[in-house]
Amino acid sequence: MQKTYRVGIVGATGMVGQRFVTLLENHPWFKPAALLASANSAGKLYSEAVKNKWAMNRDIPAYAKNMTVLDAEKDAESLVDKIDFIFCAVNMKKEEIKALEEKYARLEIPVVSNNSAHRFTDDVPMVIPEVNPEHLSVISEQRKRLKTKRGFIAVKSNCSLQSYVPLLHPLMPFGIKHAAVCTYQAISGAGKTFASMPEISDNIIPYIGGEEEKSQQEPLKIWGSIQDGKIVSATAPSITAQCLRVPVSDGHTAAVFVTFDKKPKKEEILSAWKNFKGEPQKLSLPSAPAQFLRYFEEENRPQPKLDRNLENGMCISAGRLREDEVFDYKFVGLSHNTLRGAAGGAVLLAELIAAKGYLN
């Protein structure tokens with residue numbers, strides 16, 4: 001019989017935290033036992049704390065409305081023996097996030113993080129569950145550093161990566177040499193709605209701080225290897241990226257250009273995408289999409305408005321695969337940035353961690 005885990009959501013009042021709150025309603029493995037946020041929200045009922053900033057397109061789940069929000073920093077010690085792990089999605093300075101996440105880990109409360117602070121800590125696995133589940137094995141080395149038995153930190157990658165890295169991954173056997181990516185990122189990636197970001201109306205903003213560096217560097221850690229108890233980033237392929245904020249509520253789109261050592265046929269690429277299955281599919285994890293990668297034959301797909309919610313927002317979609325005069329091929333990718341790219345991806349990661357026994 002599958003164990004039920006008691007879960008804390010740190011940063012529960014923010015946009016990604018709200019996604020966690022909705023996704024964990026009736027989750028078969030995870031039961032929310034604590035909602036935590038900043039001191040400004042602590043002591044309030046959750047419905048009161050998010051009253052003027054609830055951004056989901058559905059009502060607050062009934063279970064959460066009357067839960068009292070705890071202080072993410074001051075109340076951490078009180079949760080020992082009351083929760084089995086936490087999801088963390090906070091808006092704080094990088095060093096503060098690092099300290100907070102390590103505090104929970106050292107309290108023997110595992111951390112599944114949506115934050116970027118620990119993504120390049122070399123004994124912290126940064127995992128896309130279908131792509132590099134083997135990196136979870138570094139947790140044993142991290143525990144030695146933290147001097148913990150249960151506690152550890154695992155992170156998910158940047159939300160924009162989900163729109164192209166999963167599509168490139170099945171093509172790695174063909175030897176990807178170079179990739180150029182331009183991402184067109186939804187406003188929810190900035191924690192905004194159209195009401196709170198009026199400047200995006202009829203507009204595109206051609207800069208997202210730190211996003212291009214993440215888009216170029218994080219895939220190399222994901223494709224890296226474990227050496228002497230640390231994750232060493234791959235040295236190839238070379239990736240260049242440009243990231244734009246566009247007037248879309250949810251869904252990050254990527255225009256991708258790729259060159260190979262051994263150029264595959266178009267049919268080989270389509271077959272690689274169609275037949276690819278990762279550990280979540282093999283294990284039938286609750287949040288895993290049955291079809292991880294979906295290709296559209298229509299010339300005008302994928303579109304965020306039409307396709308972001310495929311497989312409950314956990315499917316990666318692609319279209320417009322064609323040969324290119326500079327690169328070998330070009331195509332378009334799409335992922336739901338707050339589901340697959342943020343909270344949903346973290347829930348799937350936690351399911352994988354649980355299935356592999358790291359929460360026991």
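The model is predicted, so local features need pLDDT of at least 70 and side-chain atom pairs count only at pLDDT 80 or more, while totals for chains, interfaces and linings use all residues. Residues are numbered from 1 along each chain as its sequence is written, and side-chain values use heavy atoms, with hydrogens and water left out.

**Salt bridges**

Let's start with the charged side chains. A salt bridge here is a side-chain nitrogen of Lys or Arg within 4 Å of a carboxyl oxygen of Asp or Glu. Searching the whole structure gives 15 salt bridges, including these:

| Pair | Closest N to O |
|---|---|
| Asp123 and Arg145 | 2.6 Å |
| Lys330 and Asp324 | 3.1 Å |

Helices (H or I, at least four residues) and strands (E, at least two) are DSSP runs, numbered from the N terminus. Together with Glu102 and Arg106, Asp123 and Arg145 are linked in a network of salt bridges.

How accessible are these residues? Buried means under 20% relative accessible area, exposed over 50%, and partly exposed in between (1.4 Å probe, protein chains only). Asp123 is buried at 6%, whereas Arg145 is partly exposed at 33%. Asp324 is buried too, at 17%.

Lys356 is partly exposed, with 41% relative accessibility.

Now for the strands. Two strands pair if DSSP finds at least two bridges between them. Six strands form an open sheet with mixed pairing, in the order β10-β7-β11-β14-β13-β12. Why is one side of β10 (238–245) and of β12 (293–296) left without a neighbour in the sheet? Both stand at the edges, so each has a single partner strand.

Strand β7 (residues 176–185) runs parallel to β10, and eight bridges join them. In one of these strands, β10, Gln242 is the bridge partner of Cys182. Helix α7 (residues 211–222) packs on the sheet and touches β7 and β10, its direction making about 145 degrees with that of β10. Contact means heavy atoms within 4.5 Å. Axes are lines fitted to C-alpha atoms, for helices over the stretch in contact, and angles run from 0 to 180 degrees between N-to-C directions.

Helix α8 (residues 266–275) lies across β11 (252–260), β12, β13 (316–323) and β14 (329–335), at about 175 degrees to β13.
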